Amino acid sequence: DPALRLSMRLIPYSQELWLLVARDVSKLMHLEQVRRDFVANVSHELRTPLTVVHGYLDMLDPSDQPEWAPILEEMRRQSQRMTQLVEDLLTLSRLEAQDTVSDESVGMASMLATLRREAEALSQGRHTVAVQDRAAVDLWGSTRELHSAFSNLVANAVRYTPAGGSITIGFAQQGEEVALSVEDTGYGIPAAHLPRITERFYRVSTSRSRELGGTGLGLAIVKHVLQLHQARLEIESEVGRGSIFTCIFPADRAHPRDGTGSGAIR
Ligand code: ADP
């Protein structure tokens with residue numbers, strides 16, 4: 001049966017014998033596929049109406065009805081949030097449907113410059129932003145997906161760090177491996193929350209996260225992108241002191257930086 005999916009486990013039974021336990025997970029996988037398609041379809045269908053609402057809101061001018069100004073502002077803010085949520089859901093469905101990524105040379109000098117610009121734009125001068133580029137390598141992978149992962153970490157660092165704090169984006173060799181880190185001096189995350197923090201919609205403090213405008217999908221996106229690159233995410237955090245999110249790539253994902261930038265295919 002081509003639709004049959006088995007999950008198999010080998011368990012030691014005695015000195016000479018092993019048990020092979022096979023479980024039929026076809027139905028589970030089918031349901032998972034249905035869930036994924038459903039989320040992707042709903043998100044896609046929401047895109048058009050949202051664009052229309054957004055467009056008309058932008059056309060409204062409250063100058064002759066000044067009492068409408070705050071209401072319009074709030075409607076714009078909320079429709080912006082909904083748009084971001086839909087975009088994040090679509091990104092996540094796209095990532096879940098993939099089991100490999102493109103393998104192009106990702107120019108890290110320009111990636112770091114882009115991340116710095118994004119951090120500065122989000123911070124609007126409220127934080128100190130620094131970049132430490134200490135690895136003379138570029139990565140093999142998908143520029144688009146890696147950028148979406150890294151920029152989620154940068155956005156979080158800005159979002160969860162009060163004014164006056166600092167954000168440091170680092171890129172460095174770590175033994176054989178290569179690490180991109182985003183460090184902040186923000187609120188930090190209580191240790192009890194760390195194991196679940198990359199789950200979809202998981203948030204430490206719902207009220208603060210809502211108020212600050214996140215979608216709850218950022219770290220789920222990061223986790224998926226890293227998995228597709230055989231990389232892992234490490235999180236160190238201390239409440240009241242800040243957090244360090246580090247994306248660690250295996251040695252074979254890196255190659256010497258030769259100045260050609262991105263575009264080359266492995
Ligand atoms: P959100 O869109 O809510 O930021 P994420 O998946 O990106 O969703 O993050 C999940 C939760 O992890 C956030 O709601 C926040 O509570 C916590 N978090 C993420 N990054 C940081 C950070 N740099 N500092 C403190 N808390 C963070």
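Me: In which helix do glutamate 120 and arginine 116 both lie, and how many residues apart are they?

Reply: Both belong to helix H3, four residues apart, about one turn of the helix. Helices here are DSSP runs (H or I, at least four residues) and strands are runs of E (at least two), numbered from the N terminus. The model is predicted, so local features need pLDDT of at least 70, side-chain atom pairs count only at pLDDT 80 or more, and totals for chains, interfaces and linings use all residues. Residues are numbered from 1 along each chain as its sequence is written, and side-chain values use heavy atoms, without hydrogens and water.

Me: Why is the pairing of glutamate 120 with arginine 116 called a salt bridge?

Reply: The term requires a side-chain nitrogen of Lys or Arg within 4 Å of a carboxyl oxygen of Asp or Glu. The closest N and O atoms of this pair are 3.9 Å apart, so the pair qualifies. The count by this rule is 16 salt bridges.

Me: What makes the contact between H3 and H4, and how do their axes cross?

Reply: Helix H3 (residues 108–123) and H4 have axes, fitted to C-alpha atoms over the stretch in contact, that come within 10 Å and cross at roughly 35°; angles run from 0 to 180 degrees between N-to-C directions. Contact (heavy atoms within 4.5 Å) involves, among others, Met111 and Leu115 of H3 and Phe150 and Val154 of H4.

Me: How do the axes of H4 and H6 lie, and which residues of H6 make the contact?

Reply: Helix H4 (residues 143–159) and helix H6 (residues 218–228) pack at about 145°, with axes 9 Å apart. On H6, the contact is made by Gly218, Leu219, Ile221, Val222 and Val225.

Me: Which strand supplies the largest share of the nonpolar patch?

Reply: Strand E1 does, with three residues. The patch is made by Leu4, Leu6, Met8, Leu10, Trp18 and Leu20 and covers about 660 Å². Methionine 8 is found in E1, while strands E1 (6–12) and E2 (18–24) each supply at least two patch residues.

Terms used: Patches are made of residues with over 30% relative accessible area and no salt bridge: like charges are joined within 9 Å, nonpolar side chains (Val, Leu, Ile, Met, Phe, Trp, Tyr) within 5 Å. Accessible areas come from the Shrake-Rupley method with a 1.4 Å probe; for residues, only the protein chains shown count as cover.
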